[in-house]
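This report looks at a few backbone features of the structure shown below. Please keep the sequence and the model in view while reading.

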Amino acid sequence: MNRFCCIVAASALIGLAANSATSAEPLPEGTHAYIIWPMDGATIPSGKFWLRMGLSGAGIAPAGINRPNTGHHHVVIDADLPPPGEPIPNDKKHLHFGAGQTEARIELPPGRHTIQLVLGDADHIPQNPPIVSKKITVIVPQ
Amino acid sequence: MPATRWLTSIAIGAAVTLPLLTGAHAQVKEATAPAATRATRTPAPADAYVYIGWPNDGEVLHRRRFKIWFGTRNFGVAPAGVTKANTGHHHLLIDTGLPPLDEPIPNDKNHLHFGAGQTETYIELPPGTHTLQLIMGDADHVPHDPPLVSKKITIRVQ
């Protein structure tokens, strides 16, 4: 019985997640996110830089603000895109810019790193279809 | 908020999405009605700043229509009407000086509003020398204190 309750509860949670996923409204056709700087393949001697985030066709709104045709930036570092339809994780590989920032100070250790942007809605859920930038690679020398 | 100020905000709000689509020629003259001044402006952190990412100062453009991107550092972007600390929305000043700092930024062909939270736009300018400058406005389109103003750049359209 307890197990059954757990399954029901889990199903309800999944249902909630699915509902919130469908609430992420699509942005206007042609909207795209892109990394203004650094360039793909750039070598960054110090490993410290300002990442500049670009968005065409839509606007920026802080997290928690429900406004059509807006979203806020998330930076994915050395990871693949998070699953669609659920809030973007918040950890060292998934940075949130819910204050509406369009620049971020990034520090990376020596090595090759990938950087990609994904836009999230008021609840940090990627839009449907998702607005993601090209995944770029930067190199921090030893 | 006084009624006159509220109405002005609504009028400006209705016009803010025009510049993105139609460039420098979009304007709503009715929105330039003078508004009541405000005693206190929305504070901005001392290290926040705003800049024009492109074009560069002194750029010579060989096309009339071009893209401008807006940069902000240590500060966030929020659509007009959203009151949140350390945020604002961009206004592009074309061929004009700074507006009065204690009232809503005018909305006309020299003062373009980006109240939908845009961080870039396309504009079209006639051949000649032009100046461009950004200024942030708060939820009600009033500049912050201190004002967040970019360097005023000069470009030449050929």
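## A buried histidine in chain B

B:His141 counts as buried because 28 C-beta neighbours lie inside 10 Å, and the cut-off for that class is 20 or more. The model is a predicted one.

B:His141 belongs to the loop that runs between strand S8 (128-137) and strand S9 (153-157) of chain B. The backbone here has a phi near 75 degrees, a positive value in a residue other than glycine.

## Cis peptide bonds

In chain A, the peptide bond that leads from A:Asn128 to A:Pro129 is cis, and its omega is near 5 degrees. A:Pro129 sits in the loop between strand S7 (111-120) and strand S8 (136-140) of chain A.

In chain B, B:Trp54 and B:Pro55 are joined by a cis peptide bond with an omega of about 5 degrees. Where does B:Pro55 lie? B:Pro55 is in the loop between strand S1 (49-54) and strand S2 (60-61) of chain B.

Conventions. Residues numbered from 1 in each chain as written. Chains lettered and ligands numbered in written order. Predicted model: local features only at pLDDT ≥ 70, side-chain atom pairs only at ≥ 80, totals over all residues. Helix = DSSP H or I, 4+ residues; strand = E, 2+ residues; numbered from the N terminus. Buried ≥ 20, exposed ≤ 12 C-beta atoms within 10 Å, placed from the backbone.
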